[in-house]
Amino acid sequence: MFENLSYETLQAYWWIIIAVLGGALVFLLFVQGGQTLLNKLSGNENEKLILLNLFGHKWETTFTTLVTFGGAFFASFPLFYSTSFGGAYWVWYIILFAFILQAVSYEFRSKMNNLLGKKTYEAFLFFNGFIAPFLLGVVVSTFFTGNYFSVSKERILRVGNNVDAIISRWESPWYGLEALWTTDHLIFLQNIALGLAVFFLARINALLYVKKMVNDKEILARTKKCLKINVILFLIFFLFWLFRLMFINGFAVDPHTAEVYLEKGKYLMNLIEVPLLGVLLLTGIILVLTGIYKAWFTADENAFWYSGAGTFITVFVLFLVAGFNNTAYYPSLYDLQSSLTIRNSSSSKFTLTVMAYVSLMIPIVIAYIAWVWKSLDRHKYTEEKIEKEEIKY
Amino acid sequence: MDNINWELVDWSRAQFALTALYHWIFVPLTLGLSFIIAIMETIYYKTGDEKWLKIEKFWLKLFGINFAIGVATGIILEFEFGTNWSNYSWFVGDLFGAPLAIEGIMAFFLESTFMAVLFFGWNKVSKRAHLIAAWLVAIGSNLSALWILVANAWMQNPVGMEFNPDTMRNEMTDFFAVLFNPVAVNKFIHTITSAYTFSALFVIAVSSWLLLRNKNKLYAKYSMLVASIFGFLSILATIITGDGSAKQVAKYQPMKLAAMEGLYQGQKGAPLVAIGVLKDDNDPQPDKDIVGLEIPSMLSILAFNDPNVFVPGIKDLVHGNEEQGIRSYAERIESGKIAIDALAAYKKAKKEGNTEEAEKQLEIFKDHFKDFGYGYYYGKDPHTLIPPVALTFYSFHTMVILGTWFLILFVLVYFSLMNNTIERKKWLLRLAIISFPLGFIAQETGWITAEVGRQPWVIQDLMPAMVAVTKIETSGVMITFFLFFVTFTALLIAEIKIMTSAIKKGFNQ
């Protein structure tokens, strides 16, 4: 089936899969958003336990999606994996470190004799809840603003000083952290804006999830109060980022020579030249806004699904805007021609074909996750429910 | 030699070893306990006897505590290929990335999703669905082991690929050759059954502790019964596949075998060291020997099924042995350098449009490609290609001796349970408790044998560790090394404390 597809089609197919995983990951960051609201939404230990169990039942899905996102990138675009993970070393390690802390915190927090105490594990959850959405947002923003690296495959032929034999090199001494303070073209503002937008969006989705799943007057009242400020901040940062994105220099690729060059308003052009992308982006944003509206002004419990779907679609489209329509998805400001494109960074045709078959499992995975979520979440989270549970966080 | 950045390579290796060794404290328990729990739930499902439900839930709680920290250490390992081994990630990403991605899609989701059902699904799904979830968690965790071990086996015996001189990397040509790599099949079974053994040791040790304290005696004994049978079958499989692994090492990684046995001088009818010490640890020249008990011709039999076969020693491999048709490392280095130079000449000719020259160079490259990695040692002492012999030798023998002990232990426990004398045999219960940390040592020494013994190669004969790293500041890797060291150690202490509290409570919780 996939054997008959051209190399270009397979590369595009895999970029779409990456976009799907990216979209799913940002949607699932609502768990992280929730972790930063544990204290805000709860007034006592019992209420906190409701929230801990609510988000605790879902954290592994987010975590696994991140791991799969990394693995899929490795399999399909290995040059990105080696360049970005090896280069933006500090950014990725801070993100990963936050996930190490998260992985144990739900399980250990309420247990006896847990060495560090409840407060420490809650602090770990907060740290993960802020750092993961913020830095992942910053990384995605650098897909549009660029990074400082060089790639030369022929370096591997250098015998002697073996460090010279390394193909991908990060050319900034801050190994990725410079994305937070590069002042040229206000890159830092752009990156931080998306980081904060993702963070506040994760919180909004978390609040909508609480509204859907929790039946506790006190918590719901606090949820409503908390929503406003997060919505306002999200809109400020996201719209700022999106508006600027339309007019900044984009990294275009000449389809014939593979030369990378700067083009003003490239990302706006991508939305116009590929109208489906424009329409999808608008749909995504409208769905998020609808979710927010429903949560704010109506009693509709499904607001979460609107904003969740909107989040997924928006991020999905942003990945496509970064890589489709002859665009370099991981541009280098240090050396334009080192920029990574879907063409120059992908796996071989054979590997992409094998992996395309593997990708057929994704719908099955989604189906059983949906079944499990549905089966376990038939009843709302209340103090009584948590008390009755035999195994709980 | 002076211009090699040894420090960066060493710290990068140290960090990988640290995360791998920590990860492997927790993972074997996950792999084995998940099956033990599924077996217990099956007995409950079939018999309806509430006792089994109680027993299962106790082990499930311990399983959960352990699982979290296994996941925490695992995420670093997955990304470390990129963060610290970026050249490797490009050079073989076309092959190596696939198993990792499949692991995520096929195994991790299965494991983590049904884990939620296993833990929180009591009374929310049917008994049957819950039982299926228990088995899916076990299958999911073991599937993830499959894929990462396929990836590891490929590094020890790279198959199913071809080097593409235009993209400058190895590309997959046969997925099933990668999956059914003989090294992978053996490695997978050897590793998971050793993990089951370790889990059985855990269950037996915890139960013994409870018996010594006269707590939950009936539950403890039932748990021990399941564990001793499960453990016995597992260690048998571990031993059989261990033999298979040795044969493959002999075939694909003769230097590793020589290091495992401390064999410097190759010989026909080579003896197997049953127990022994290396004569001189600090001698840089490879002319050491063994003091200890040796079984004549046994190594030749184990490695090649023939008492008269020549098993090459470290000296033969380094200096070559014409009689046996073994090329010296100096020759292979020369050949590897020719491969690298030919590839450079090919690229140059292609750029200049000189097709004839390009083709000629490509032929030369292909002829010498099997020695590609040796080329990076051009101008260097071939002895640097010898792995740390003492560490490999002692790790291997520690593993083998401990493995044999576990077999005896499972038999003793089983028969003592059967004739109902286990409570009286305090010495056996104490030995069983001590055997749990010994199981941990056997697990780690197994990995040390496999990974240290293959140095300096990250991909056998094709890429040495020093060329595989990421170019970052050594100080950066040192910072992350210590950060992980402190964090993992703290989390390990926390886990042990939480686990001990839960065990003290026993089955009555």
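1. How many cavities of 30 Å³ or more does a search of the whole structure find? The search finds three, where a cavity is, on a 1 Å grid over the protein atoms alone, a set of points where a 1.4 Å probe fits but cannot get out, and where a volume is the space filled by probe spheres set on the points, joined across faces, edges and corners.

2. The model is predicted, with local features needing pLDDT of at least 70 and side-chain atom pairs counting only at pLDDT 80 or more, while totals for chains, interfaces and linings use all residues. Residues are numbered from 1 along each chain as its sequence is written, chains are lettered from A in the order in which they are written, and side-chain values use heavy atoms, without hydrogens and water.

3. The largest cavity has a volume of about 60 Å³, and its lining (residues with an atom within 4 Å of a point) includes Val138(A), Asn147(A), Trp170(A) and Tyr330(A). Helix H8 of chain A, residues 118-145, gives the largest share of this lining, three residues; by class the lining holds seven nonpolar, three polar and no charged residues, with Ala, Val, Leu, Ile, Met, Phe, Trp, Tyr, Cys and Pro counted as nonpolar, Asp, Glu, Lys and Arg as charged, and the others, Gly among them, as polar.

4. The second largest pocket (an open set with protein on both sides within 12 Å along at least five of seven lines) holds about 1,100 Å³ of space. Of its 47 lining residues, His190(B), Gly242(B), Phe396(B), Met399(B) and Val400(B) lie nearest its centre. H7(B) gives the most to this lining, with 10 residues, and the lining divides into 26 nonpolar, 17 polar and four charged residues.

5. At the interface, 81 residues of chain A are in contact (heavy atoms within 4.5 Å) with 98 residues of chain B. The area buried between the two chains, that is, the accessible area (1.4 Å probe) lost on putting them together, summed over both, is about 8,000 Å², and carbon and sulfur atoms give 74% of it.

6. Between chain A and chain B the count is three salt bridges, each a side-chain nitrogen of Lys or Arg within 4 Å of a carboxyl oxygen of Asp or Glu; one salt bridge joins the side chains of Lys57(B) and Glu390(A) at 2.7 Å, N to O. On the side of chain A that touches chain B, H5(A) gives the largest share, 14 residues, and the classes there are 48 nonpolar, 21 polar and 12 charged.

How values were computed
Helices (H or I, at least four residues) and strands (E, at least two) are DSSP runs, numbered from the N terminus.
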